[in-house]
Amino acid sequence: MAGVIDQEPLPDLVDLAGRRTLVTGGGKGIGRAITTRLVEAGALVTIADFDPAAADAAREIGATFAACDITDPGQLTRAIETACGDDGTLDILVNNAGIFPTTGSMTEATDEFVHTMLDVNVRAQYSAAREAAKRMVSGACIINMASIAALGGGANISAYSASKAAVVALTRAFANELGPRGIRVNAIAPGVIDTPGVQAEMEALKRGGLDIDAVIAANPLRTAGQPDHVARAALFLACGLSSFVNGHVLVVDGGSRA
Ligand SMILES: NC(=O)c1ccc[n+]([C@@H]2O[C@H](COP(=O)([O-])OP(=O)(O)OC[C@H]3O[C@@H](n4cnc5c(N)ncnc54)[C@H](O)[C@@H]3O)[C@@H](O)[C@H]2O)c1
């Protein structure tokens with residue numbers, strides 16, 4: 001019967017040895033945790049980040065660093081080329097870099113604010129997927145970082161919610177388009193995850209109407225998610241365990257939307 005697959009042993013399914021990988025925003029938070037897990041699984045990871053401190057993170061983890069603002073097309077292309085193997089191909093893109101500045105009321109969000117949010121979280125992520133896909137062959141995959149904000153709610157974070165809803169839509173569209181080439185495209189939708197980015201915005205988010213502490217207290221697991229919770233999901237989507245998972249949005253939120 002067509003579609004029968006080999007019963008690969010479990011260690012082989014999670015083995016990413018030699019897989020050429022780019023993680024955007026891998027310098028801290030969720031991206032750093034994902035980089036750590038993918039390196040542990042044997043992947044050859046390049047971190048694309050505009051924070052110079054990400055170079056230290058890369059060294060500690062055993063990754064390569066490419067100084068890169070993902071909104072700059074030239075820097076983005078150079079980072080992707082750094083991640084590619086000698087044959088010019090890329091195996092895994094983790095489209096993680098994103099911003100979540102405090103939105104506050106939609107009556108106060110300026111056009112400039114909305115434009116910046118969409119430029120980083122949607123336009124640059126689209127560019128990264130496009131440039132990566134040009135360099136991918138069958139067996140490669142793309143993992144886009146969405147958010148549960150894409151799936152409902154969204155009061156006081158409207159521009160962010162819209163940007164992440166676009167990431168979900170692009171994930172499904174790309175999965176349909178790249179699937180026939182053997183390239184899988186999936187997304188992760190994290191709930192509240194304790195990262196430097198969230199810590200930096202805690203008070204401002206509260207003033208803008210989003211109390212992160214209250215969101216955590218209401219979680220069925222009564223805890224904030226940690227970056228490694230998301231990294232485990234990313235490892236699943238990157239490896240052979242998920243070989244028939246395509247166009248999926250994997251919610252990693254401790255059940256906050258259950
Ligand atoms: N932390 C959460 O609760 C949460 C929840 C849902 C989704 N997310 C998404 O996960 C992703 C990572 O979030 P985080 O909390 O780890 O963020 P973070 O702010 O802790 O880390 C983000 C990293 O991305 C880098 N970065 C930001 N803009 C960049 C750019 N233009 N070019 C290159 N690098 C850039 C930063 O330097 C930093 O190293 C984002 O897309 C975010 O929207 C986070």
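This is a predicted model: local features need pLDDT of at least 70, side-chain atom pairs count only at pLDDT 80 or more; totals for chains, interfaces and linings use all residues.
Which residue of β6 does Ile143 stand opposite?

1. **The β5/β6 pairing.** Ile143 stands opposite Asn186 in β6. The strands concerned are β5, residues 141–145, and β6, and they pair in the parallel sense over 5 bridges. Between them the chain passes through helix α6, residues 158–178, and this β-α-β crossover is right-handed.

2. **The other neighbour of β6.** β6 also pairs with strand β7, residues 249–252, in the parallel sense, here over 4 bridges. Within this pairing Ala189 stands opposite Val251 of β7.

3. **Burial of β6.** β6 spans residues 184–190 and is mostly covered, with 7 of its 7 residues buried. In a regular strand, side chains alternate between the two faces of the sheet. In β6, Arg184, Asn186, Ile188 and Pro190 point one way, while Val185, Ala187 and Ala189 point the other way. Both sets are buried.

4. **Leu93.** Strand β4, residues 92–95, contains Leu93. Is Leu93 buried or exposed? Leu93 counts as buried because its relative accessible area is 0%, and the cut-off for buried is under 20%. Leu93 and Asn144 are 51 residues apart in sequence, yet their C-alpha atoms are 8.2 Å apart in space.

   - Asn96: a polar backbone atom is 2.7 Å from an oxygen atom of the ligand.
   - Ile193: a backbone N or O atom lies 2.8 Å from a ligand oxygen atom.
   - Gly191: a polar backbone atom is 3.4 Å from an oxygen atom of the ligand.

On its own the ligand has 830 Å² of accessible area, and the protein covers 94% of this.

5. **Elements around the ligand.** The elements that give two or more residues to the shell are α2 (29–40), α6 and α7 (196–207). α7 gives the largest share, 3 residues. Helix α6 is also the helix of the crossover from β5 to β6.

6. **Composition of the shell.** Which residues come nearest to the ligand? Of the 28 residues around the ligand, these are Asp49, Asn96, Tyr160, Ile193 and Thr195. By class the shell has 14 nonpolar, 9 polar and 5 charged residues.

How values were computed: Residues are numbered from 1 along each chain as its sequence is written. Side-chain values use heavy atoms; hydrogens and water are left out. Buried means under 20% relative accessible area, exposed over 50%, partly exposed in between (1.4 Å probe, protein chains only). Two strands pair if DSSP finds at least two bridges between them. A crossover is right-handed if, with the strands pointing away from the viewer, the path from the first strand over the helix to the second runs clockwise. A residue is near a molecule or strand if one of its heavy atoms lies within 4 Å of it. A polar contact is a pair of N or O atoms within 3.5 Å; within protein, one must be able to donate a hydrogen and the other to accept it, and residues adjacent in sequence count only if both atoms are side-chain atoms. Accessible areas come from the Shrake-Rupley method with a 1.4 Å probe; for residues, only the protein chains shown count as cover. Ala, Val, Leu, Ile, Met, Phe, Trp, Tyr, Cys and Pro count as nonpolar, Asp, Glu, Lys and Arg as charged, and the others, Gly among them, as polar.
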